[in-house]
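Here is a short briefing on one protein model. Look at the sequence and the 3D view, then work through the topics below.

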Amino acid sequence: MPRPKKRTAASRGGKAGRVEGLSRSSVVEDRQNGESGRVVAHHGVAVLVRFDHGGERQVWLKPDQRVFAGDRVIVVGERLIVEPAHGILRRRDARGRERTIAVNLDVLGIVVAAEPREPPGYIDRGFVIARAAGIETVLIVNKIDLEAGGDLADRLSEIYGAFTDVHRVSATTAEGVEAISGLLAGGRLGALVGPSGVGKSSLLNTLIPDLDLRVSALNRRSQKGRHTTTTATLHTLSGGGFLVDTAGFKDFIAVDVDALDAASFFPGFESALERGCRFRNCLHRTEPDCGVLAAVETGEIPSRRHRGYVELLDELAGSLRPSR
Ligand code: GDP
Ligand code: ZN
């Protein structure tokens, strides 16, 4: 079985699946007898598993059993074998604790819109978090039907077009949403993140027509009380693939991103980093003979983008602590 490469995945532990108190041979035997599937909803004490060969079943969890929406599992009788996971998305709850929203994410869609504008640094932060977790990232410019929509999409394409697709969509007119479904074809798992009000719930509703998410101001006001028992739900798209319902979650966070790795995930620093720095542990803040700072000097990296990077470093310094 392939071992997870990233620290993020490895830190959840589990070499042969997370089943405590079982010998390796019985795990192998169980794998053959069990039925494999994916956790599509987490209800605290139980999870709903959608089997690869069709059908769903609720399985009760053992106390302290760590399973998340998106987990690949094998159900053996009343037991769950949980496969090692990649692509972990987290948030901070109301009490400041880190919570896993979903695992095994293949695609993260960072949703922005001309109205309301994203806070500075939001997109870069999303990129760094997703890249560190090994999740493919795309930019989704929603509300393209608004007059300012095209300009925003053009501006973002200039900055990010070299690294990722910039999708122009409208939840209102359904323009461009087919391309979003296409990203998840073949059973891939995606999530939409973005500031409040950019249209994440509206997009989910457009992508999954039988879904009835509350949209707009009402949605925002009632966020606090939502998702208290359900950690996350995966919605199935008609063309295959799943979308995590992140509508009730205020924010996602940078955890497990090492400050020394942040630059390598920061969009736009790629070629400057290839030229190298004098110090191996260069953080590209103010160090001498730094490839990134040299690129800022020549204007290859706009100084505004470098400032954004330094702000992200500061944020990471504040959030680096043990989790789970
Ligand atoms: P969320 O907080 O990101 O889930 O955003 P909502 O889905 O609740 O949408 C916020 C507001 O934007 C609502 O008033 C929606 O009707 C509106 N909205 C969402 N998508 C679009 C769009 O594509 N075009 C326009 N013009 N408005 C949209
Ligand atoms: Zn450097």
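Does Asp289 count as buried or exposed? At 51% relative accessibility, Asp289 counts as exposed; exposed means over 50% relative accessible area, buried under 20% and partly exposed in between, with a 1.4 Å probe and protein chains only.

This is a predicted model: local features need pLDDT of at least 70, side-chain atom pairs count only at pLDDT 80 or more, and totals for chains, interfaces and linings use all residues. Residues are numbered from 1 along each chain as its sequence is written, chains are lettered from A and ligands numbered from 1 in the order in which they are written, and side-chain values use heavy atoms, with hydrogens and water left out.

**The zinc site**

- Four residues coordinate the zinc ion (ligand 2): Cys277 (SG), Cys282 (SG), His284 (ND1) and Cys290 (SG).
- Donors are N, O and S atoms within 2.8 Å of the metal (3.2 Å for Na, K and Ca); water is not among the atoms, so sites may look incomplete.
- Along the chain, the donors of this zinc ion (ligand 2) follow the spacing C-x4-C-x1-H-x5-C.
- Why is the arrangement tetrahedral? The four donor atoms around the zinc ion (ligand 2) subtend angles of 102 to 115 degrees. Four donors count as tetrahedral if all angles lie between 85 and 135 degrees.
- Cys282 is buried, at 4% relative accessibility. Cys277 is partly exposed, at 25%.

**The five-stranded sheet**

- Helices (H or I, at least four residues) and strands (E, at least two) are DSSP runs, numbered from the N terminus. Two strands pair if DSSP finds at least two bridges between them.
- Five strands form an open sheet, in the order E3-E2-E1-E4-E5. The pairing is antiparallel.
- Strand E3 (56–60) and strand E5 (79–82) are the edge strands, and each pairs on one side only.
- Neighbouring strands of this sheet are turned by 45 degrees against each other on average, direction ignored. Axes here are lines fitted to C-alpha atoms, for helices over the stretch in contact, and angles run from 0 to 180 degrees between N-to-C directions.
- Strand E1 (residues 35–42) pairs with strand E2 (residues 46–51) over five bridges, in the antiparallel sense. Gly37 has Phe51 in E2 as its bridge partner. His42 has Val47 in E2 as its bridge partner.
- E1 and E2 form a hairpin with three residues between them. Gly44 in the turn has a positive phi of about 85 degrees.
- E1 is also joined to strand E4 (residues 72–76) by four bridges, and the two run antiparallel. Ser36 stands opposite Ile74 in E4.
- Six of the eight residues of E1 are buried, so E1 is largely enclosed by the rest of the structure.

**An aromatic cluster**

- Rings of Phe, Tyr and Trp (its six-membered ring) pair if their centres lie within 6.5 Å; planes under 30 degrees apart count as stacked, over 60 as edge-to-face and the rest as tilted.
- The whole structure holds four aromatic pairs.
- Phe266 and Phe269 form a tilted pair: 4.7 Å centre to centre, with 45 degrees between the planes.
- The rings of Phe266 and Tyr309 have centres 5.6 Å apart and planes at 75 degrees, so this pair is edge-to-face.
- Ring pairs link Phe266, Phe269 and Tyr309 into a cluster.
- Phe266 and Tyr309 are both buried. Phe269 counts as buried too, at 0% relative accessibility.

**His167 and its contacts**

- His167 is in strand E10 (residues 166–168). His167 is buried, with a relative accessible area of 13%.
- Which residues is His167 in contact with, leaving aside its neighbours within four places in sequence? They are Val138, Leu139, Ile140, Val141, Ala179, Ile180 and Leu183. Contact means heavy atoms within 4.5 Å.

**Backbone points to check**

- The peptide bond from Glu115 to Pro116 is cis, with omega near -5 degrees. Pro116 sits in the loop between strand E8 (107–113) and helix H3 (122–132).
- Ala174 is not a glycine, yet has a positive phi of about 70 degrees. Ala174 lies in the loop between E10 and helix H5 (177–183). At 36% relative accessibility, Ala174 is partly exposed.
- Asp289 is not a glycine either, and has a positive phi of about 50 degrees. Asp289 is in the loop between H9 and helix H10 (291–298).

Key
Four donors count as tetrahedral if all angles lie between 85 and 135 degrees; four count as square planar and six as octahedral if opposite donors are over 155 degrees apart and all others between 65 and 115; anything else is irregular.
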